[in-house]
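Take a look at the structure below.

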Amino acid sequence: MRNRGPPRKAKRLTIVLAQWCPHCVPLSVQYGRRLAARLKVPLRTLDIDRRKQVRLADRLVREYGDASPDYLIPQVFLEWSDGKVDHLLTGFSEQVPRTERAWRDLFSSTWLRSLRTEG
Amino acid sequence: MPRPGTLAPVLRSALASRGGKCYRHCDRPIETRGVASPLPGLWQVHACPSGVVSVTSYAERTRRDPTKAVRTVLRAWSVPPRLVRSWDLRLATRHGPELGRAAERFLGSTGPRRGVRVVYWRVYPTRGRDGIERRLFVCFRRRHKTPVFFVAPSTSRAAACPVCGPRERPGATAAGTYRDD
């Protein structure tokens with residue numbers, strides 16, 4: 001049955017990261033800012049080396065992301081007004097330029113264009 | 001009909017990662033090599049010409065987490081098997097939009113039931129009590145049917161494979177050191 005409630009809206013973009021990770025800082029923070037601006041949502045970063053933030057990061061990764069004992073970073077999540085959370089991207093362990101390519105592909109994706117059309 | 005979990009060419013292409021240099025070892029270009037295994041997905045071993053492994057990845061079209069199966073295969077390929085620790089295996093899910101338009105279109109057309117899951121195995125260098133840094137090496141010589149992963153001193157030019165022994169051609173080019181080519 002089709003949901004006839006109010007259309008859901010993107011609410012917040014979150015990046016789980018570490019300051020020492022070259023896939024995260026500055027790369028993913030810069031792309032994350034751009035993506036958040038496009039979606040007109042705030043950007044939140046959760047630093048896995050900060051005690052309070054790592055608890056939230058671990059929970060987000062465990063529930064919606066790519067969980068491993070020592071999980072990959074960055075991981076990017078989009079939270080929605082209906083409470084749902086989409087995992088968007090996990091860093092490519094091969095090399096930093098590959099993670100950058102993934103960000104660029106995300107920006108030119110049909111998925112992002114469809115979101116902007118909805119908005 | 002392709003085996004479940006096998007990656008279509010468009011996904012293999014999207015996941016292929018070439019280029020890069022051997023980080024903090026020799027600065028020479030990383031070579032990517034595919035490996036066959038009983039698992040249906042795509043293996044890629046990224047290593048420098050000396051055989052020092054940057055990262056090994058396994059990608060499969062599946063909803064399940066293939067980490068356990070990957071660990072089993074890697075342990076069969078490693079000497080000793082305990083080189084493969086759960087801590088060093090990391091999972092990533094690829095959804096489509098971050099893989100380029102062709103892959104996104106392909107995954108979109110086949111339904112959202114199965115994404116692509118990638119397991120990475122990265123072993124960081126360690127320094128023993130003797131102060132010597134050791135790294136993960138791989139040997140691809142055809143004397144064994146599968147790759148052999150082992151740890152040896154980073155500075156070793158002729159790291160001896162524990163299965164087939166040290167190289168026999170001291171004058172061999174670096175690129176040929178770990179192959180029978």
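Which residues line the second largest cavity? They are Glu94(A), Leu15(B), Leu42(B), Gln44(B), Ser57(B), Tyr58(B), Ala59(B), Val118(B) and Tyr120(B). Three elements of chain B each give two or more residues to this lining: strand E2 (42–47), strand E3 (53–62) and strand E5 (115–121). E3(B) gives the most, with three residues. Helices (H or I, at least four residues) and strands (E, at least two) are DSSP runs, numbered from the N terminus.

A word on the ground rules. This is a predicted model, where local features need pLDDT of at least 70, side-chain atom pairs count only at pLDDT 80 or more, and totals for chains, interfaces and linings use all residues. Residues are numbered from 1 along each chain as its sequence is written, chains are lettered from A and ligands numbered from 1 in the order in which they are written, and side-chain values use heavy atoms, with hydrogens and water left out.

Back to the cavity. On a 1 Å grid over the protein atoms alone, a cavity is a set of points where a 1.4 Å probe fits but cannot get out, and lining residues have an atom within 4 Å of a point. Grid points are joined across faces, edges and corners, and a volume is the space filled by probe spheres set on the points. The whole structure holds two cavities of 30 Å³ or more.

Now turn to chain B as a whole. Chain B has three helices and eight strands. Along the sequence, their order is α-β-β-β-α-β-α-β-β-β-β. Chain B has 181 residues, and 50% of them count as buried. Buried means under 20% relative accessible area (1.4 Å probe, protein chains only).

Arg90(B) sits in strand E4 (residues 89–94) of chain B. Is Arg90(B) buried or exposed? Arg90(B) is buried, because its relative accessible area is 7%. Its side chain makes a polar contact with the side chain of Asp70(A) (2.5 Å). A polar contact is a pair of N or O atoms within 3.5 Å; within protein, one must be able to donate a hydrogen and the other to accept it, and residues adjacent in sequence count only if both atoms are side-chain atoms.

Finish in chain A, at helix H3(A). The buried residues of H3(A) include Arg98(A), Trp103(A) and Phe107(A).

Terms used. On a 1 Å grid over the protein atoms alone, a cavity is a set of points where a 1.4 Å probe fits but cannot get out, and a pocket is an open set with protein on both sides within 12 Å along at least five of seven lines; lining residues have an atom within 4 Å of a point.
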